[in-house]
Amino acid sequence: MKRRFTATAAALLIILTRCVSLSADDLSGAGHEYDNIDVAEAVESAPGEQAPAFSDAREGSLKLYAGFLDTLGVMRGFDDGTFRPDAPVLKGDACVITAAAAGIDTAAFADAPIGTFYDVDRDSPYFSAVQALAAYGILKGNADNTVNVNTRLTYTEAVVLLTRVMGYEEFARVSGGYPEGYFAAARRAGVSFRSADGMTRGVFAEFIYNMLRSHPLQKNRAGERNTYAVNTEETFLSERHEVYEGDGIVTATRAGGLSGGAVKRGTVKIDEDVYALDQKAGAARLGYRTQFFYRDDDGAYTVIYLIDHRKVAEIEIDAEDYVNYTPSAKTIRYTEDDGRRVLTAVLSDAPTVLINGTAAAVPSLGAALEIQQGSITLVSNYDDDIYDLVCVNRYENLLLQRASADGGHTITLTPQYSLLPITARMSGDTILEFANADGTEVEYYADVPGVFGKDGKPAKTIDVSRIPADCVLSAFADKYEEQRGHLLPAGDAVYTRFVISTRKIEGTIEAIDGEGNVEIGGKTFKSSPSNYFNELDGALTLGKTGLFYLDFSGEIVAFKESGATDALRYGYLINAGSARGALSDTLQLKIMTDDGEIIVVTTERKTNVNGDSLSKDEALTLLKRVAGMLRGGFGISQMIRYRLTADGMLAELETCLPEDLINQNGLVESAHLQRSVPIDEYNLVEDTSGRLLRAADDTGYHKPNKYFFVPSPETFHDEDYSVQAPANARPYSIELYDCGFDMRPQIALIYADAGGAEQEIITTRFAFPVMVSRVFKKLDKDGAAVGAVEVATGVVMKEYIGRDEHTFDGLEAGDLIQLYTRGNDVVSSYRRHTYYNIPITAKTFPDLDFDALTDGGSIRSLYAGVVYYVDSQSGLVIDTGRYGADGRRKIHVTGHMNTNYYWQMGGAIVYDATVGAKPQVRNATISDFKGMYQYGEQHASRVLWIPAHGGGRQYILYNF
């Protein structure tokens, strides 16, 4: 938490052209600041652009002076984003700045045949300004007719120069002359000059700013006397630059208004008047009292500079420092000094509430303040210790692998933990910003080559190429939406800001407490409560060594462990599942090692798969998906590389990714197993070249370093697996991995014969339902048109074809059926599963009054209304939603979700109508079960529980 008074807050300005870079010689007095700049044509401000906040002028009054004078084109900053307030001012620089402040057209003096002063020739960058000031009687020079433009300006010289500009020199003469009279004249003009040891750029900027806001002195002739009067109706700013000063509350922006609607793009409403202004600047200061400067073009106002008023006071409260809100007392309590002190802030009777820069109707301010990640800013616009504005700044984190854009306003983000990208779809009206962790803005628009708008300017598109890979992306938005369980800025969000952090800390956790404080290398970091995938859930423990990813606020978002004791080695994944049931924190993998031993290893709560830290459910989902892509019909089994920790736990796992998946997601192929050689039928024969594997097209490969001999159909019997090459020489289906340039693969994966089973394994041992995902037409291997169906089995998504074109007519997504096949994935027949003799579909699924065990078409099925979890070995608890005589719910089933222990035993299928416009059919994970106590009875999962012979269970979920 920190309190700050902001005439120091961020000024939101208009970008102007920078001056030339200042060299080391400039600082020593030998250089110059401007290069023949035409100050009479100072750059006009243009709405829609934003000026810099100088890195060395970010606080106090200096920020106002530097920012405003740069915007006005009077005294510029430098190309490196600095203002250099402590640098000396040369007399020549002072002449250029003074002429610009006075609004003198120096271009008219550029062609003078000779110079007024001996030491300023026509080649000098100061010539035009010096000539102009001399002509106006502002610059008098020395007795030897020199002005010494390359020497440092003194404090007194600055006062004299500006007194003459303001027209007060005669007043100075009658008030004591040089130098006291000039100081008296300046005070008479209403300009206060603080004393200083030397004239620096910062001090001179203050002089110029005060002079511009002072009132000019008008000289009038009365007979033989001159009379003088102060024109209180004008300032030098309005008289010479036609720029006026204002003060008011920002009441509406493009993002919305404090009361009423938003204003159009590129404008801002201050009090009751609408001004042209950069939309981002206005959105960021909604509700703040501002000091601003504007031009008046026949009643059309354009703000050229806007900053928080000097009376604005703020309290910034980090999310973890917020204590509570008391509505009756209108007070917010918060801590400071690392929680040692509790302070209280008093709100006004009706404070304005903003959420991420947009006004929000908040029925409960207390609920809005309960944010996990971000900060709360309390604003007093009148510095009276009563806070009339409450800004809630919350954000969500994403560990980003890469980003891309579609040429429009859709940003595709590929998280590090997922093979599937997610998309943030912005409308063309979205106020979109990107920034680095230090607050500097990142240019996110690029010109579209060859495309121009009505104004003749190049069309713009989002360009995210400057977002680096392997970073933490924090998203601020006034509205979020959930996409596959992740929070992203909503497509109709008005204001969205992404902050990029590439900061990482490598080391070992030396201390950790229950408050999320982690000590690494003697420094303490907070663990972030906000990340898309609960990356830190159970991962941060004492002694863990690795790479810690920090968001822009310095909190730990992600962790990648290092220090595993074993090298990566090849293995064949036979099976994978939960180690102890649905609520287990671990994943259990059954692996055949490269020396032929079959082992069972477990993982901790998070597992490093393909370089990403995944939860148990995420790892299972990825393994299933990759297995199905590598070999159709396989649910989990596949070749892997793995690494164990010193205590035998799985530390790291790598899969083989098909080439199209790598290209689609921008993954690095070398970081995974490579299967670049096509699957083929190979003979195992020796020949004179020493090659062992020979394909039908006579392509040959050398003897591999390792063999893995596995059954063709996916089975889980240990005796079916070995690392011996088969003895006979008949052709085998072989996959070759990591094949080098010398045609020598590291691994040959050899598939045994299927054993001649006539019927698909899906119906060999257990009767088991599948759910239709889609029905379509295709050509079979003979070119004949046939019906086809894609189904979810609970373990894999699988495709089958029918005997003819009409085999699957009448089926729809969500239908629950039993398939019968006769080899080659051709369906000979199917039957629908029924409940009370009614076919089970998404449309006919029963209401919550069904409460009985029934014969669901030869399968014992229980319809359950709601499901919830318990933290015990009971795993899932399912009930019907009815109450018994004692008022308790009737519990019908308690059990485990034993996914993937046996082929087609266990697993779950979900018909999910809660995502997107179209319902999805997919294999479910534990996260798809929605319990009544978390989601309410109306939104809880409807569950069909199907017991299998021998104790396996299958769950059919319907989420509506």
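## Strand pairing around S32

Strand S29 (residues 504-512) and strand S32 (residues 545-550) are joined by five bridges in an antiparallel arrangement. Within this pairing, glycine 507 faces glycine 546 of S32. The structure described here is a predicted model.

S32 also pairs in the antiparallel sense with strand S33 (residues 556-561), again over five bridges. Leucine 547 has lysine 560 in S33 as its bridge partner. The hairpin of S32 and S33 has five residues between the strands, and glycine 554 in this hairpin adopts a positive phi near 90 degrees. In general terms, the side chains of a regular strand alternate between the two faces of the sheet.

## A five-stranded barrel

Five strands close into a barrel with mixed pairing, in the order S47-S48-S49-S51-S50. On average, and with direction ignored, neighbouring strands of this sheet are turned by 40 degrees against each other. Strand S47 (residues 770-779) and strand S50 (residues 816-821) form an antiparallel pair over two bridges; valine 770 has isoleucine 817 in S50 as its bridge partner.

Serine 773 is located in strand S47. Its relative accessibility is 16%, so serine 773 counts as buried. Apart from neighbours within four places in sequence, serine 773 contacts Glu790, Val791, Met797, Ala813 and Val921.

## Nonpolar cores

The largest nonpolar core comprises 68 residues, of which Phe68 and Phe204 touch the most other members. The elements contributing two or more residues to this core are helix H2 (60-72), helix H3 (91-102), helix H4 (127-135), helix H5 (155-165), helix H7 (180-188), helix H8 (201-212), helix H9 (236-241) and strand S10 (300-308). Beyond its neighbours within four places in sequence, phenylalanine 68 is in contact with Tyr209, Leu212, Leu237, Phe293, Ile304 and Tyr305.

A second, separate core has 39 residues, including Ala576, Leu587, Leu620 and Val710.

The buried residues are Phe127, Ser128, Ala129, Val130, Gln131, Ala132, Leu133 and Ala134, and the buried residues of H4 pack against H3. Glycine 137, which follows H4, has a positive phi near 75 degrees.

H5 is likewise largely enclosed by the rest of the structure, because nine of its 11 residues are buried. These buried residues are Tyr155, Ala158, Val159, Val160, Leu161, Leu162, Thr163, Arg164 and Val165. The packing partners of the buried residues of H5 are H3, helix H6 (169-174), H7, H8 and H9. Glycine 167 follows H5 and has a positive phi near 85 degrees.

## Salt bridges

Side chains of opposite charge can pair when their charged atoms come close. The structure holds 27 salt bridges. One of them joins lysine 91 to glutamate 157, with the closest N and O atoms 2.9 Å apart. This pair links distant parts of the chain, since lysine 91 lies in helix H3 and glutamate 157 in helix H5, 66 residues apart. Lysine 91 counts as buried at 14% relative accessibility, whereas glutamate 157 counts as partly exposed at 26%.

Aspartate 594 forms a salt bridge with arginine 569, and the closest N and O atoms are 2.5 Å apart. The two residues are 25 residues apart and belong to distant parts of the chain: aspartate 594 is in the loop between strand S35 (587-593) and strand S36 (598-602), and arginine 569 is in strand S34 (residues 569-578). Aspartate 594 counts as buried at 14% relative accessibility, while arginine 569 counts as partly exposed at 25%. In a further salt bridge, between glutamate 654 and arginine 641, the closest N and O atoms are 2.8 Å apart. Glutamate 654 lies in strand S40 (residues 650-654) and arginine 641 in strand S39 (residues 638-644), so the pair ties together parts that are 13 residues apart in sequence. Glutamate 654 is buried at 8% relative accessibility, and arginine 641 is buried with a relative accessible area of 12%. Separately, Lys140, Arg164, Glu169 and Arg173 are linked in a network of salt bridges.

## Cysteines

The structure holds zero disulfides. Cysteine 95 counts as buried at 4% relative accessibility, and cysteine 471 is buried with a relative accessible area of 0%.

Note on methods:
Residues are numbered from 1 along each chain as its sequence is written. This is a predicted model: local features need pLDDT of at least 70, side-chain atom pairs count only at pLDDT 80 or more; totals for chains, interfaces and linings use all residues. Side-chain values use heavy atoms; hydrogens and water are left out. A disulfide is a pair of cysteine sulfur atoms within 2.5 Å. Buried means under 20% relative accessible area, exposed over 50%, partly exposed in between (1.4 Å probe, protein chains only). Two strands pair if DSSP finds at least two bridges between them. Helices (H or I, at least four residues) and strands (E, at least two) are DSSP runs, numbered from the N terminus. Axes are lines fitted to C-alpha atoms, for helices over the stretch in contact, and angles run from 0 to 180 degrees between N-to-C directions. A nonpolar core is a set of buried Ala, Val, Leu, Ile, Met, Phe, Trp, Tyr and Cys residues joined through side-chain atoms within 4.5 Å. Contact means heavy atoms within 4.5 Å. A salt bridge is a side-chain nitrogen of Lys or Arg within 4 Å of a carboxyl oxygen of Asp or Glu.
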